[in-house]
Amino acid sequence: CCDAAIERVVTHYGALDGVVTAGWRGHFGPIEETAEQDVRDLFESNLFGPLRLIQRVVPHFRERGRGRIVCVSSAAGRLAMPMTGAYSASLHALEGLCDALRLELAVFGVDVVLIEPGLVRSSVVGETRKQGTLLDLFGVQGDSPYAHLARVLADHVIELRQRAATPNDVAQVVFRALQTPRPKPRYAVSRGTAALLWARKLLPDRFLDARLTRAIGLREAQNDPSSDGA
């Protein structure tokens, strides 16, 4: 499928200048309750899907001595939050792949760029809201020991959704990454996401954990004696 698509582009336009990978699959919930098959499915979509396309376009770019690979990842690939463990792991793997690939392909004139959106307004969050409660997003049953934590996080997501980026915001950043003569290795889609990723880079882990705990309201979840899903 990838080979046929590449061949059609080259036949019609004469060359392939860039490619965008966006093999996105979401899964949210506590690591303890995440099925191994769900983790495998995440890696298949978020890592191996982009990898297959990349491996097929690299020979074409390398032979031309130019080209651009833009991978849509997520801020979750560098900043894991509660209930995102498996999802973050799959995107952290993609980020590591792109970091190595950027160095490998630089000598051939090929750029590798990561796009890191945060929460996107009409993503899985919006769809889940239509189907039921945001608690459904985390796949947590009412009697789970993580039920109260899921409720606290759901309230936080509702608040963040009001100022989240839109798919159009993401598309504009992807377009910029494709068009600029000298692209950055990474682009955060929103200022809020950029600030979080800078905090991840600069602050000690324990300090950042404490800041996130306060910002999300996790301290209340930890101290609530009725965290039993009632």
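Modeller: Let's start with α2, which has a kink of about 35 degrees centred on Glu44. The bend at a residue is the angle between axes fitted to the seven residues ending there and the seven starting there. Helices (H or I, at least four residues) and strands (E, at least two) are DSSP runs, numbered from the N terminus.

Colleague: Before we go on, what kind of model is this?
Modeller: This is a predicted model: local features need pLDDT of at least 70, side-chain atom pairs count only at pLDDT 80 or more, and totals for chains, interfaces and linings use all residues. Residues are numbered from 1 along each chain as its sequence is written, and side-chain values use heavy atoms, with hydrogens and water left out.

Colleague: Back to α2, then. What should its 29 residues span, and how far apart are the end C-alpha atoms?
Modeller: At 1.5 Å a residue, helix α2 (residues 36-64) should span 42 Å, and its end C-alpha atoms are 41 Å apart, which agrees. The expected span is 1.5 Å times one less than the number of residues.

Colleague: Which residues of α2 are buried?
Modeller: They are Leu42, Asn46, Leu47, Pro50, Leu53, Ile54, Val57, Val58, His60 and Phe61. Buried means under 20% relative accessible area, exposed over 50%, and partly exposed in between (1.4 Å probe, protein chains only).

Colleague: And what covers them?
Modeller: The cover includes α1 (2-13), β1 (18-21), β2 (67-72), α3 (85-106) and β3 (110-116). Just after α2 comes Gly65, with a positive phi of about 80 degrees.

Colleague: Changing topic: what order do the strands of the sheet have?
Modeller: The open sheet of 4 strands goes β1-β2-β3-β4, with parallel pairing. The edge strands are β1 and β4 (186-188), and each pairs on one side only. On average, neighbouring strands of this sheet are turned by 15 degrees against each other, direction ignored. Two strands pair if DSSP finds at least two bridges between them.

Colleague: How many bridges join β2 to β3?
Modeller: There are 6, and the two strands run parallel. Val70 sits opposite Val113 in β3, and Arg68 has Asp111 as its bridge partner in β3. On the other pairing, β1 and β2 are parallel over 4 bridges, with Gly18 opposite Arg68 in β2.

Colleague: Which strands does α3 touch?
Modeller: α3 packs on the sheet, touching β2, β3 and β4, and its direction makes about 160 degrees with that of β3. Axes are lines fitted to C-alpha atoms, for helices over the stretch in contact, and angles run from 0 to 180 degrees between N-to-C directions.

Colleague: Is β2 enclosed or open?
Modeller: Largely enclosed by the rest of the structure, because 6 of its 6 residues are buried. Both faces are covered, with Gly67, Ile69 and Cys71 buried on one side and Arg68, Val70 and Val72 on the other. For β3, 6 of the 7 residues are buried, so that strand is largely enclosed too.

Colleague: What about the largest nonpolar core: which residues touch the most other members?
Modeller: Of its 34 residues, those are Val57, Phe61, Ile69, Leu105 and Phe138. The elements giving two or more residues to this core are α2, β2, α3, β3 and α5 (147-161). A nonpolar core is a set of buried Ala, Val, Leu, Ile, Met, Phe, Trp, Tyr and Cys residues joined through side-chain atoms within 4.5 Å.

Colleague: What is Phe61 in contact with?
Modeller: Leaving aside its neighbours within four places in sequence, Phe61 is in contact with Leu16, Asp17, Gly18, Val19, Arg66, Gly67, Arg68, Ile69 and Val110. Contact means heavy atoms within 4.5 Å.

Colleague: Now Ser88: where is it, and is it buried or exposed?
Modeller: Ser88 is in helix α3, and at 4% relative accessibility it counts as buried. Apart from neighbours within four places in sequence, Ser88 is in contact with Ala76, Gly77, Ala80 and Met81.

Colleague: Last one: how many helices and strands does the chain have?
Modeller: The chain has 9 helices and 4 strands. Of its 230 residues, 39% count as buried.
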